[in-house]
Amino acid sequence: CVGISKCLPAYCNDDTPNACYNDIPKKDLIEVKNMGGLVGKKGLAILAQGAAAARQCAAEDGLKAMLKSMGPKCADDEALFKKLMAWKGAEPVQLRGWVGSIRSAHAS
């Protein structure tokens with residue numbers, strides 16, 4: 001990998017079992033820090049994408065469970081599900097007010 005070779009002095013192996021970060025030459029440290037920062041940012045972005053996908057799945061599962069608890073009409077209403085998922089920026093307290101009106105609308 002480009003730039004990683006600058007870190008080789010810190011690589012522990014049989015010949016250098018006590019190698020550490022301080023073994024990297026000072027002239028290479030700036031490049032090593034920059035490369036480490038770049039790799040760290042990319043890794044964090046990948047983890048953030050996974051976390052966002054997990055939150056989305058949990059939100060969908062929770063909403064499906066809530067709609068199912070309100071009856072089969074609500075549970076099977078795909079349009080309602082999509083509208084509520086699109087409205088995900090609302091506070092949980094506001095959502096509680098909607099539950100009663102959803103039940104009333106689907107009771108008839």
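The following questions and answers examine how terms are assigned in this predicted model.

Q: What makes the contact of Lys-6 with Asp-28 a salt bridge?

A: The closest N and O atoms of Lys-6 and Asp-28 are 3.6 Å apart. A salt bridge requires a side-chain nitrogen of Lys or Arg within 4 Å of a carboxyl oxygen of Asp or Glu, so the pair qualifies. Lys-6 belongs to the segment before helix H1 (26–69) and Asp-28 to helix H1, so the bridge ties together parts that are 22 residues apart in sequence.

Q: Why is the pair of Glu-31 and Lys-6 also called a salt bridge?

A: Here the N to O distance is 3.8 Å. Glu-31 lies in helix H1 and Lys-6 in the segment before H1, so parts that are 25 residues apart in sequence are tied together.

Q: Which residues are linked in a network of salt bridges?

A: The network links Lys-6, Asp-28 and Glu-31. A search of the whole structure finds two salt bridges.

Q: Is Asp-28 buried or exposed, and how is this known?

A: The relative accessible area of Asp-28 is 11%. Buried means under 20%, so Asp-28 is classed as buried.

Q: What makes Lys-6 and Glu-31 partly exposed?

A: Their relative accessible areas are 26% for Lys-6 and 37% for Glu-31. Partly exposed covers the range between under 20% (buried) and over 50% (exposed), so both residues receive that label.

Q: How do you know that the buried residues of H3 line one face of the helix?

A: In helix H3 (residues 78–86), the buried residues are Leu-80, Phe-81, Leu-84 and Met-85. Seen down the axis of H3, they fall within an arc of 130 degrees, so they line one face. The face turned away from this buried side carries the exposed residues Lys-82, Lys-83 and Ala-86.

Q: What secondary structure does the protein have, and how many of its residues are buried?

A: The protein has four helices and zero strands, and its elements run α-α-α-α from the N terminus on. Of its 108 residues, 16% count as buried.

Key
Residues numbered from 1 in each chain as written. Predicted model: local features only at pLDDT ≥ 70, side-chain atom pairs only at ≥ 80, totals over all residues. Heavy atoms only, no water. Buried < 20%, exposed > 50% of the residue type's maximum accessible area, 1.4 Å probe, protein only. Helix = DSSP H or I, 4+ residues; strand = E, 2+ residues; numbered from the N terminus. Arc of directions from axis to C-beta.
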